[in-house]
Amino acid sequence: MKRRRLLMMVVLVLGLVGLMSGTAWAEGDADGATKGVVCVVADGAIAEDAETCTLEDGSIGVVDAAATTAEKTKISLNMLWLVIGAALVIFMQAGFAMVETGFCRAKHASHVVMTNFMIFGLGFVAFFAVGYAFMFGATGAGAIGLQPLGDLVTLGGNASAGIIAKSGFFLSGDAYDVSVMGFFLYQVAFMDTVATIPTGSMAERWNFKNFILWGLFCGAIFYPVYGNWVWGGGWLSQLGNSAGLGHGVVDFAGSGVVHAMGGMAALSGALILGPRIGKFDKDGKARAMPGHNLPLAFMGVFVLLFGWFGFNGASTFAATDLRFTTVVTNTAIAGAFGAVTAMFIMMWKFNKPDPSMCANGMLAGLVAITAPCAFVPPWAAMVIGIIAGALVIGAVLFVENRLKIDDPVGAIAVHGVNGLFGVLAVGIFADGKYGGGWNGVDGNVKGLLYGDWGQFGAQAIACGVIMVLGIGLSYTFFKLTNKIVPIRSVEADEISGLDLPEMGAMAYPDFLEAQGTVFLPVDDLLVGAGVGGGSRGGNGGNGGNGGAAAKLRSEVGS
């Protein structure tokens, strides 16, 4: 009965949200017929219907065939560029899955890879239903023929105080448009990156049922709110117009909107979950819990590097914008210098390069360059990569040794800390060679090294908002959902490995061959290991686990 009521409630909510679009049966340019049509008009008349070139006064203009062909070709090329970029960014999810699974222990491998797989579907569903409308319902992009679907909800009617959009739910009505389709596909891939970052910091102990709720929440609310404020015309993007702070908050491809926000959620989740069993000894000293497959993790880093060229490069939204060559080259420069810097620091400090830290050094450089990649010269990309490579090491050690937070893959340091640094880097290193008219402000984007302290101020405000909003939203979400579905897996399951108890399938079934049947019920496994079969309900209690469980908790699990 409860499930039936829940299902009816979900259907009702989805139906109401669908009606919120207000134009559910309207239709945009579903076949691209009007994209790029150029009308020859007299006396400044404006064509109301581009397909027929009908003017406001009802008279008929003349379609300029040559100009229309050129414009349609440009839009088509730019949309193809965007879709290729979307495919590259979606492929990055395979990289995240490999990195996180490789850095985690074998007994949790199915669970870790499943969270990285299902986050795409869960977040996608929520972003399709409401997230896109909240974030981009009032956004236009001339390079791909994208027109705003509606207006922003603003505070006091102030156009510079937008807080959310409200058009395009379920991609219905005017959102049924070829430009919206391409733009949506690209942006949903970015949402997926935000959503997957906490799966690293919360790995090996996150209850999969609670994880499902996170995937839906991230796609519907967490990503769209701040994203609208920066990329959807919201108040942070308008700080240049409303407060004279440079061009407002500038974040080219998402150091803040994507990575730092995901990093804040990773921090909140790891704080509430607590460390893995055995991570810290009785004196609070961190124990190493090595991942089971470094080659897999490194293959994931290579996949991420490859996908990052779409992540940053296609954020021009236009193959006709030749600045994309600078974008992708700066991306590679920062990633390379991040990895090399991390390697040399680890060799200097610990006499060994530490492969996992080198991998995170590259990822840190890539995260940090994501916001400034279009606005800085190559030497600045090098400096950003060097700083990121050093910063990630310091952040990993600080999070683990000082804050006593267990982050199995270093997601907080890589994405959270270096995401914030990347946002600030725009306000420091932007050289004034690109970004004319960005956020409606004349002139190119400059940082404080080139005389614009206002831009640095806007970026600093963005960092403050990210920390307050990102941590506030995610911490509240995890706290509340923990009361509905426990956020932490059952202790006995965590000890034995989450693959069988929560997934029903092991990544490496051969590991149990010595114990008989491969898919043995987890209770039998625990009994066979000397762990009593007490209650498995709740987060903390495991009934009669006794001395065997205590011993397991005091050691590093394999």
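In the predicted model, helices H9 and H10 are oblique to each other, because their axes cross at roughly 140° and an angle has to be over 145 degrees to count as roughly antiparallel. The axes of H9, which spans residues 294-313, and H10, which spans residues 324-350, come within 9 Å. The crossing of this pair is right-handed. On the H9 side the contact is formed by Trp308, Phe309, Asn312 and Gly313, and on the H10 side by Phe324, Val327, Val328, Thr331 and Ala332. Classified by residue type, this contact of H9 with H10 comprises 6 nonpolar and 3 polar residues, with no charged residues.

The loop between H9 and H10 contains Phe317. Phe317 has a positive phi of about 65°, although the residue is not a glycine. With a relative accessible area of 21%, Phe317 is partly exposed. A positive phi, of about 75°, is also found at Glu204, likewise not a glycine. Glu204 is located in the loop that runs between helix H5 (198-201) and helix H6 (208-231). The relative accessible area of Glu204 is 1%, and this residue is therefore buried.

Cys373 itself is situated in the loop between helix H11 (355-369) and helix H12 (378-402). Its relative accessibility is 0%, so Cys373 counts as buried. The C-alpha atoms of Cys373 and Arg323 lie 9.9 Å apart, with a separation of 50 residues in sequence.

Helix H4 (residues 178-196) packs against helix H2 (residues 65-103), with axes that come within 9 Å and cross at roughly 20°. H2 is therefore roughly parallel to H4, the limit for this class being an angle under 35 degrees. The crossing of H2 and H4 is left-handed. H2 contributes Met79, Leu82, Val83, Gly85, Ala86, Val89, Ile90, Gln93, Phe96 and Glu100 to the contact, and the residues contributed by H4 are Val178, Ser179, Gly182, Phe183, Leu185, Tyr186, Ala189, Phe190, Asp192, Thr193 and Thr196. The contact of H2 with H4 consists of 13 nonpolar, 6 polar and 2 charged residues.

H4 also packs against helix H3 (residues 109-136), at an angle of about 125° and with the axes 8 Å apart. This angle makes H3 oblique to H4. H3 crosses H4 in the right-handed sense. From H3, the residues in contact are Asn116, Ile119, Phe120, Gly123, Phe124, Phe127, Phe128, Tyr132 and Phe136; from H4, they are Val180, Phe183, Phe184, Gln187, Val188, Met191, Asp192, Ala195 and Thr196. The division by class is 13 nonpolar, 4 polar and 1 charged for the contact of H3 with H4. Phe183, Asp192 and Thr196 of H4 take part in the contact with H2 and also in the contact with H3.

A further loop, between helix H7 (239-242) and helix H8 (255-273), holds Leu245. Leu245 and Asp452 are 207 residues apart along the chain, and their C-alpha atoms are separated by 8.6 Å. Apart from its neighbours within four places in sequence, Leu245 is in contact with Leu239, Gly240, Gly454, Gln455, Ala458 and Ile461.

The protein chain as a whole has 18 helices and 6 strands. Of its 558 residues, 54% are buried. Contacts between residues at least 6 apart in sequence join residues at least 24 apart in 75% of cases.

The mean pLDDT of the protein chain is 88, with 84% of the residues at 70 or more. In the stretch of residues 19-25 the pLDDT is below 50, and this stretch makes 9 contacts in the model beyond near neighbours in sequence. Residues 525-558 also have a pLDDT below 50; for this stretch the model contains 61 contacts beyond near neighbours in sequence. Where pLDDT is low, the predicted coordinates should not be read in detail.

How values were computed: Residues are numbered from 1 along each chain as its sequence is written. This is a predicted model: local features need pLDDT of at least 70, side-chain atom pairs count only at pLDDT 80 or more; totals for chains, interfaces and linings use all residues. Side-chain values use heavy atoms; hydrogens and water are left out. Axes are lines fitted to C-alpha atoms, for helices over the stretch in contact, and angles run from 0 to 180 degrees between N-to-C directions. Helices (H or I, at least four residues) and strands (E, at least two) are DSSP runs, numbered from the N terminus. Angles under 35 degrees count as roughly parallel, over 145 as roughly antiparallel, 65 to 115 as roughly perpendicular and the rest as oblique. A crossing is left-handed if the near helix is turned anticlockwise from the far one by less than a right angle, and right-handed if clockwise. Contact means heavy atoms within 4.5 Å. Ala, Val, Leu, Ile, Met, Phe, Trp, Tyr, Cys and Pro count as nonpolar, Asp, Glu, Lys and Arg as charged, and the others, Gly among them, as polar. pLDDT is the predictor's confidence in each residue, from 0 to 100. Buried means under 20% relative accessible area, exposed over 50%, partly exposed in between (1.4 Å probe, protein chains only).
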